[in-house]
Amino acid sequence: YRRDLESDGLTRLALEAELRKAFISGEIHAWYQPIVDLKTGVIAGFEALARWVHPKRGVIPPDHFLTATRDLGMMTDLGAIIMNTTAPLMARWFRDHRLPQGFFVSVNLSAPEIERLHLIEDGARVIRDHNLPRKTLKLEVTESVFMSEGTGAVKTLERVLDLGVRLALDDFGTGYSSLGYLSRTRFSSIKIDRSFVTAASRGVPEALAIICAVVALAKSLGMATTAEGVETEDQARLLRLAGC
Ligand code: MG
Ligand code: MG
């Protein structure tokens, strides 16, 4: 027994209780981060990301509440909020704006959500019902999905592809980076984790080498690459040079 164990436990318990309440009272929202085509500078799409808009503490990023959400078994509730707000929003964007060719919205998919295929089917149905172009919806999965779900995940993802949804491999290079899954599943793009982007722009040659290797790997497999966490012109220039 240590005193800090007690305070850690209590903090956690309080967070979980608050989080449960947040889900019920509508404090969990989808925010949209632009994905820019480095060649043209045009916004090619958006990634839907979860934010907890806390009445007192303000906007809380997902790394502060995703673990608790997972522990509470509420990942599918989170996925439902994101999908159910994003799909109709996409329909509205297409109706009200002239969007560039191939415009898409990315939604992150966690391991427990893969089992709830109806969530994805709902999103795909909205696209069909509103006559949006096929492939408007992109799902981002991480390698951990394959680790926990194995071949079941591959089968489910095959069905997802048949619905006209595209797949991106998220956080590539931070997990197991299985080249087997990369060759067996029809991903349309690979996402380079922000840690590589940050390191490369700080002049770490290994990080830049890894970015170049991932870009080359993706190219030879006919996939696109998306880099995360691009916040400065210098980072954009570096990634453009790398062919991202
Ligand atoms: Mg993602
Ligand atoms: Mg990511």
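Along the chain, the donors of the magnesium ion (ligand 2) follow the spacing D-D-x56-E. Donors are here N, O and S atoms within 2.8 Å of the metal (3.2 Å for Na, K and Ca), and sites may look incomplete because water is not among the atoms. This is a predicted model, in which local features need pLDDT of at least 70 and side-chain atom pairs count only at pLDDT 80 or more, while totals for chains, interfaces and linings use all residues. Residues are numbered from 1 along each chain as its sequence is written, chains are lettered from A and ligands numbered from 1 in the order in which they are written, and side-chain values use heavy atoms, with hydrogens and water left out.

**The magnesium ions**

| Ion | Donors | Distances | Spacing in sequence |
|---|---|---|---|
| magnesium ion (ligand 1) | Glu47 (OE), Asn108 (OD1), Glu140 (OE), Asp170 (OD) | 2.0 to 2.3 Å | E-x60-N-x31-E-x29-D |
| magnesium ion (ligand 2) | Asp170 (OD), Asp171 (OD), Glu228 (OE), Glu228 (OE) | 2.3 to 2.7 Å | D-D-x56-E |

Aspartate 170 bridges the magnesium ion (ligand 1) and the magnesium ion (ligand 2), which lie 3.4 Å apart. Glutamate 47 belongs to strand β2 (residues 43-54) and aspartate 170 to strand β6 (residues 166-172), so the pair ties together parts that are 123 residues apart in sequence. Helices (H or I, at least four residues) and strands (E, at least two) are DSSP runs, numbered from the N terminus.

Aspartate 171, at 23% relative accessibility, counts as partly exposed.

**Helix α11**

The buried residues of helix α11 (residues 233-242) are Gln235, Ala236, Leu239 and Ala242. These residues cover an arc of only 125 degrees around the axis, which puts them on the same side of α11; the arc is that of the directions from the helix axis to the C-beta atoms. The face turned away from this buried side carries the exposed residues Glu233 and Leu241. Among the elements covering the buried residues of α11 are α9 (194-201), α10 (205-220) and β8 (224-227), where contact means heavy atoms within 4.5 Å. Just after α11, glycine 243 takes a positive phi of about 90 degrees.

**Alanine 30**

Alanine 30 is found in strand β1 (residues 28-36) and is buried, with a relative accessible area of 17%. Leaving aside residues up to four places away in sequence, alanine 30 touches Leu49, Ile82, Thr85 and Thr86. Glycine 9 is 21 residues from alanine 30 along the chain, and the C-alpha atoms of these two residues are separated by 29 Å.

Methods:
Buried means under 20% relative accessible area, exposed over 50%, partly exposed in between (1.4 Å probe, protein chains only).
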